[in-house]
Number of protein chains: 4
Amino acid sequence: MKEYLYKLEMKTRDYECDIQGVVNNANYIHYLEATRHEWLVSTGISFRKWHEEGIETMVSEINIKYKASLHGQEEFISCLNLHRDGPRFIFDQDIYRKSDMRLCVSAQVSTICVIDGRVTRGDEVLPYLGKFLENA
Amino acid sequence: MKEYLYKLEMKTRDYECDIQGVVNNANYIHYLEATRHEWLVSTGISFRKWHEEGIETMVSEINIKYKASLHGQEEFISCLNLHRDGPRFIFDQDIYRKSDMRLCVSAQVSTICVIDGRVTRGDEVLPYLGKFLENA
Amino acid sequence: MKEYLYKLEMKTRDYECDIQGVVNNANYIHYLEATRHEWLVSTGISFRKWHEEGIETMVSEINIKYKASLHGQEEFISCLNLHRDGPRFIFDQDIYRKSDMRLCVSAQVSTICVIDGRVTRGDEVLPYLGKFLENA
Amino acid sequence: MKEYLYKLEMKTRDYECDIQGVVNNANYIHYLEATRHEWLVSTGISFRKWHEEGIETMVSEINIKYKASLHGQEEFISCLNLHRDGPRFIFDQDIYRKSDMRLCVSAQVSTICVIDGRVTRGDEVLPYLGKFLENA
């Protein structure tokens, strides 16, 4: 397993599985979001506080590769790194099945900052995020 | 089928089904909520407008009986009536499978009004809801 | 806090919250299900194994009282007891906010056994569940 | 609006919105899946029938761009085209807000065929999908 900025142990729930008996694709988007939010809190940054201050951070694009399936009540490790590409802060997120450390999902999640409905260059959140960037 | 104040045709989606191949129990709570909100809009009442005016309507209790299962991509009819019991406005909601009109779910959803964090006697919303009450 | 057969520490996720900023009602149904399934696994009983053996356990009725709201990324303790009422195995489930141990949700979830599409008297699962019954 | 193979009118539900008041990102993945499944049914192809015949079609990759937000109880039009790229059948899916036909989401969803746990060249489903391919 490569180096990550943050790792979170999670566990699937049966209701997240669909008729094929595996976690439905949309739920990985939920796992990825939960991981980013938990990471933010772990750094002392509050997504909701930004929201209250008028800074909306929005996901502008997700590229997600499904490599192996998770089943019900299965433990996994959700990992992330962060890099910047112009106005976009891009989370590189991987999900590993815990039992065999197999890579199940690999995603790049691009986020942008919006203030008063306009996309910014992202400098507002740089004081918070700068030290975590891989390419800082 | 008995008389209802409002009926909404809906259709299940495959992702709402779980490993047993039927719609997961929690999704019926979603269907019931969606039906109440659509009914509110159909009456000209906006749930979000109430929210903006400081009137929170909250569900205080749900009693739901699961009588038959819906499967993926199956059409159903979601019906509601409304009656009042003290401070509670109670939605009597039934869900019928469209193909054979079998009753799948029957629920009573109790809602209360909250202003500034305190439960009211419900009179704030009576001008809006009064004419729809079965026991008016 | 009263005595419980099983307690599970969980944490809400932001995506489970709705526009009112609190966990959407349907998600508590998910939490309750996840708790029952985790309890089953903790006892060595597998819900999926029963499914493979032709024993379907189905929720026939839920009565849920919403007493206080959970917000995003908030820890809670999900507790359950079990008693039998004729063919129904009834889970008494309570959810407490961890920070102040306030009771947020109290529910009774009735489950029945179905084999070949017919509701049984529940004796098939008694060897597994009998020792856990409050009124055994 | 460009030409599409299939268009489906849908409507958001309030419970799909999160604390920011807009539809949560994961729910668009649900909308896209529901659209593909409805399209399959409209063609006479059954996803579940394939499943019963041992042909699993799986999503291997999704690239989704979020361009504008949908709010609660908002109507939208979910459109798709299909092209093939080697073993992958790629759905080009766009979601437009109905009121102003603004493009809200644009996605490419790559699907592969799996039989007995092995990815195939996709020829099994070509008799069903071939006539719908843009680059046929």
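The turns below cover the chain contacts, the strands and the symmetry.

Q: What sort of model is this, and what pLDDT do local features need?
A: Residues are numbered from 1 along each chain as its sequence is written, while chains are lettered from A and ligands numbered from 1 in the order in which they are written. This is a predicted model in which side-chain atom pairs count only at pLDDT 80 or more, totals for chains, interfaces and linings use all residues, and local features need pLDDT of at least 70.

Q: Which element gives the largest share of the side of chain D that touches chain A?
A: In chain D, 17 residues are in contact with 17 residues of chain A (C-beta atoms, placed from the backbone, within 7 Å). At least two residues of this side come from each of α1 (25-43) and β2 (55-66) of chain D; helices (H or I, at least four residues) and strands (E, at least two) are DSSP runs, numbered from the N terminus. The largest share, ten residues, comes from β2(D).

Q: Which residue of β2(D) is the bridge partner of A:Glu61?
A: Strand β2 (residues 55-66) of chain A pairs with β2(D) in the antiparallel sense over five bridges; pairing requires at least two bridges found by DSSP. Within β2(D), the partner of A:Glu61 is D:Lys65.

Q: Which residue in the turn between β3(B) and β4(B) has a positive phi?
A: Strand β3 (residues 75-85) of chain B pairs with strand β1 (residues 6-11) of chain B in the antiparallel sense over six bridges. β3(B) also pairs with strand β4 (residues 88-97) of chain B, antiparallel over ten bridges, and B:Asp85 stands opposite B:Arg88 in β4(B). β3(B) and β4(B) form a hairpin with two residues between them, and the turn residue with a positive phi, about 65 degrees, is B:Gly86.

Q: How many residues does helix α1 of chain A supply to the side that touches chain C?
A: Eleven residues of chain A are in contact with eleven residues of chain C. Helix α1 (residues 25-43) of chain A gives the largest share of the chain A side, namely five residues.

Q: Which residue of chain A comes closest to the rotation axis?
A: Chain A is superposed on chain C by a rotation of 180 degrees with 0.0 Å of shift along its axis (RMSD 0.0 Å), with least squares applied to the C-alpha atoms of residues with pLDDT of at least 70 in both copies. The two copies are therefore related as by a two-fold rotation axis. At 5.3 Å (C-alpha), the chain A residue that comes closest to the axis is A:Met10.

Conventions
Contact = placed C-beta atoms within 7 Å.
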